[in-house]
Amino acid sequence: MSTPSRSFGSVSVAMVTPFNPDGSIDIDGACKVARKLVDDGCDALVLSGTTGESPTTHQPEKNELVRQVKAAVEGRAMIVAGAGSNDTAHAVRIAKGAQDSGADGLLVVAPYYNRPSQEGVYQHIVAVADSTDLPVMVYDIPGRTGVAISDATLDRLAEHPQIKAVKDATGNVAQGFDRINRTGLEYYSGDDSLNFAWLAHGASGVVSVAGHLIASGLRALVTEVDAGDLPAARAEFAKQATIIDAIMGGGQGAVMAKEALKMVGVIDSATVRLPLVGASEAELAKLRVALRAEGLVE
């Protein structure tokens with residue numbers, strides 16, 4: 001059984017950006033999280049994506065995060081930097097800063113909120129891709145951006161030599177399967193609840209949030225799918241359901257991932273920046289029950 005090409009690895013996590021209680025970035029904490037994830041099986045890390053609270057971190061912080069995390073993982077994982085904005089010129093500046101800081105690739109989301117035409121979506125993504133020499137993963141998440149990337153736009157983007165992959169959070173695996181076959185782009189699951197479905201349909205890997213806690217399980221899942229052992233992969237995926245639901249099925253993903261990392265002792269503070277706020281007592285109680293059920297806390 002042949003495995004798909006993997007310009008962005010096969011197991012990556014959209015990493016949280018730890019903050020100190022005063023709201024400043026906790027670089028030591030970020031490096032600790034990154035080393036743990038790589039030790040657990042990640043071969044790529046996405047920094048300053050939505051889960052990394054990219055809307056409320058600033059470019060000097062993003063650049064420092066890339067530099068420090070890249071040094072911390074010592075070449076053991078690809079460092080992918082989010083270059084997302086609904087202002088194309090701003091996204092280009094973020095991309096250039098990421099490359100200058102040592103990033104190995106870019107994650108470029110469709111421009112959000114201002115709802116451009118498909119031509120605008122295309123020109124935005126190409127402008128960012130053209131601004132550096134880095135490989136690009138396009139992020140299609142219409143539930144957040146308010147604009148879906150059409151088949152015609154994706155076909156045009158696939159012709160760009162630096163656009164290699166798509167992180168898909170559309171929830172539409174059947175559409176993705178068709179797009180994989182038609183465009184030749186690498187596909188990555190952007191929805192933890194569909195990780196097995198995407199991999200079984202030929203996706204190259206996952207970009208996970210629940211992977212903050214289950215990276216080793218995701219590595220096993222990819223290995224089993226690669227080997228063609230779908231019964232084992234299904235069983236592995238079933239074991240991950242409790243954590244996936246705890247992180248992604250209740251509160252906001254970045255908030256819950258930070259709370260979970262704090263509960264298991266990886267980071268010292270679950271501080272987030274407004275407009276995000278910490279988890280409610282009910283959410284924390286449910287999360288602790290799930291982590292206890294999986295033997296991650298006492």
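Predicted model: local features only at pLDDT ≥ 70, side-chain atom pairs only at ≥ 80, totals over all residues.
Local features need pLDDT of at least 70 and side-chain atom pairs count only at pLDDT 80 or more, whereas totals for chains, interfaces and linings use all residues. Numbering runs from 1 along each chain as its sequence is written, and side-chain values use heavy atoms, with hydrogens and water left out.

Helices (H or I, at least four residues) and strands (E, at least two) are DSSP runs, numbered from the N terminus. Both Phe 8 and Tyr 188 are buried. Buried means under 20% relative accessible area, exposed over 50%, and partly exposed in between (1.4 Å probe, protein chains only).

Charges also sit over rings. The criterion is NZ of Lys or CZ of Arg within 6 Å of the ring centre and within 35 degrees of the ring normal. Arg 156 lies over the face of Tyr 122, 3.7 Å from the ring centre. Lys 167 places its charged end over the ring of Tyr 139, at 4.1 Å from the centre.

The model holds 15 salt bridges, each defined by a side-chain nitrogen of Lys or Arg within 4 Å of a carboxyl oxygen of Asp or Glu. Asp 39 and Arg 76 meet at 2.8 Å, N to O. Asp 39 lies in helix 1 (residues 27–39), and Arg 76 in the loop between helix 2 (59–73) and strand 3 (78–82), 37 residues apart. Asp 39 is exposed at 55% relative accessibility; Arg 76 is partly exposed at 39%.

Glu 61 and Arg 273 form another bridge, with their closest N and O atoms 2.9 Å apart. This pair joins helix 2 to the loop between helix 11 (253–263) and helix 12 (281–293), across 212 residues. Glu 61 is partly exposed at 21%, whereas Arg 273 is buried at 15%.

Asp 151 pairs with Arg 179 in a salt bridge at 2.7 Å between the closest N and O atoms. Asp 151 sits in helix 6 (residues 151–157) and Arg 179 in helix 7 (residues 173–183), 28 residues apart. The relative accessible area of Asp 151 is 34%, partly exposed. Arg 179 is buried at 2%. Salt bridges with shared partners join Asp 140, Asp 151, Asp 155, Asp 178, Arg 179 and Arg 182 into one network.

The largest pocket holds about 750 Å³ of space. On a 1 Å grid over the protein atoms alone, a pocket is an open set of points where a 1.4 Å probe fits, with protein on both sides within 12 Å along at least five of seven lines; lining residues have an atom within 4 Å of a point. Of the 39 lining residues, Gly 49, Thr 50, Thr 51, Tyr 139 and Arg 144 are the closest to the pocket centre. The lining divides into 16 nonpolar, 18 polar and five charged residues. Ala, Val, Leu, Ile, Met, Phe, Trp, Tyr, Cys and Pro count as nonpolar, Asp, Glu, Lys and Arg as charged, and the others, Gly among them, as polar.

Key. Points joined across faces, edges and corners; volume = space filled by probe spheres on them.
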